[in-house]
Amino acid sequence: MPKYNAKIYVTLKPSILDPQGRTVERALSHLDHKNVGSVRIGKYIELSLSGEKADVEAQLRDITENVLSNPIMEDARWELEEEK
């Protein structure tokens, strides 16, 4: 049965305020990194899955949209690679 590695990226939608990102941005400015702006904080998740590719993609879509992210506030995307 094929095995896959998935990388999932979850970020706040642009219209949602990001207080954690703003805090990091201020801290960087205080550390003389004044050219840094628009800092946004997100989540990165890695998973291993096995099965047929179409089934794994459907499962990954469900996990990403219904478990690992809040589609009202967050955007999520994933990448899938077959293990070698």
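A: Begin with exposure. Buried means under 20% relative accessible area, exposed over 50%, and partly exposed in between, with a 1.4 Å probe and protein chains only. Take E46: at 55% relative accessibility, E46 counts as exposed. This is a predicted model, where local features need pLDDT of at least 70, side-chain atom pairs count only at pLDDT 80 or more, and totals for chains, interfaces and linings use all residues. Residues are numbered from 1 along each chain as its sequence is written, and side-chain values use heavy atoms, with hydrogens and water left out.

Q: In which element is E46 placed?

A: Helices (H or I, at least four residues) and strands (E, at least two) are DSSP runs, numbered from the N terminus. E46 sits in strand β2.

Q: What does E46 touch, leaving out residues up to four places away in sequence?

A: Contact means heavy atoms within 4.5 Å. By that count E46 touches A6 and K7. M1 is another matter: 45 residues from E46 along the chain, with 20 Å between their C-alpha atoms.

Q: With which side chain does the side chain of E46 make a polar contact?

A: A polar contact is a pair of N or O atoms within 3.5 Å; within protein, one must be able to donate a hydrogen and the other to accept it, and residues adjacent in sequence count only if both atoms are side-chain atoms. Here the partner is the side chain of Y44, at 2.6 Å.

Q: How many helices and strands does the protein chain have?

A: Two helices and three strands. From the N terminus on, they run β-α-β-α-β. The radius of gyration of the protein chain is 17 Å, well over the 12 Å that the globule rule gives for 84 residues, so the chain is more spread out than a compact globule. That radius is taken over C-alpha atoms, and the globule rule is 2.2 Å times the number of residues to the power 0.38. The C-alpha trace spans about 50 × 30 × 15 Å along its principal axes.

Q: What share of the residues counts as buried?

A: Of the 84 residues, 21%. The accessible surface of the protein chain is about 6,200 Å², and 52% of that belongs to carbon and sulfur atoms. Such areas come from the Shrake-Rupley method with a 1.4 Å probe; for residues, only the protein chains shown count as cover.

Q: Is S69 buried or exposed?

A: Apply the cut-offs again. S69 is buried because its relative accessible area is 11%, under 20%. S69 belongs to the loop between α2 (53-66) and β3 (74-82). A polar atom of its side chain lies 2.6 Å from the backbone oxygen of T64. Beyond neighbours within four places in sequence, S69 is in contact with V10, T64, E74 and A76.

Q: Why does E25 count as buried?

A: E25 has 18% relative accessibility, so E25 falls under the 20% cut-off. E25 lies in helix α1. A polar atom of the E25 side chain lies 3.3 Å from the backbone nitrogen of V39. Neighbours within four places aside, E25 is in contact with V36, G37, S38 and V39.

Q: What should I look for in the backbone angles?

A: Look for positive phi in residues other than glycine. Phi of S38 is near 55°, and phi of D32 is near 70°. D32 is in the loop between α1 (19-30) and β2 (42-50), and S38 is also in the loop between α1 and β2. D32 is exposed, with a relative accessible area of 61%. S38 is exposed too, at 68%.

Q: Where does D55 lie, and how many residues separate D55 from P71?

A: D55 lies in helix α2. P71 is 16 residues away in sequence and 22 Å away in space, C-alpha to C-alpha. D55 is exposed, with a relative accessible area of 53%.
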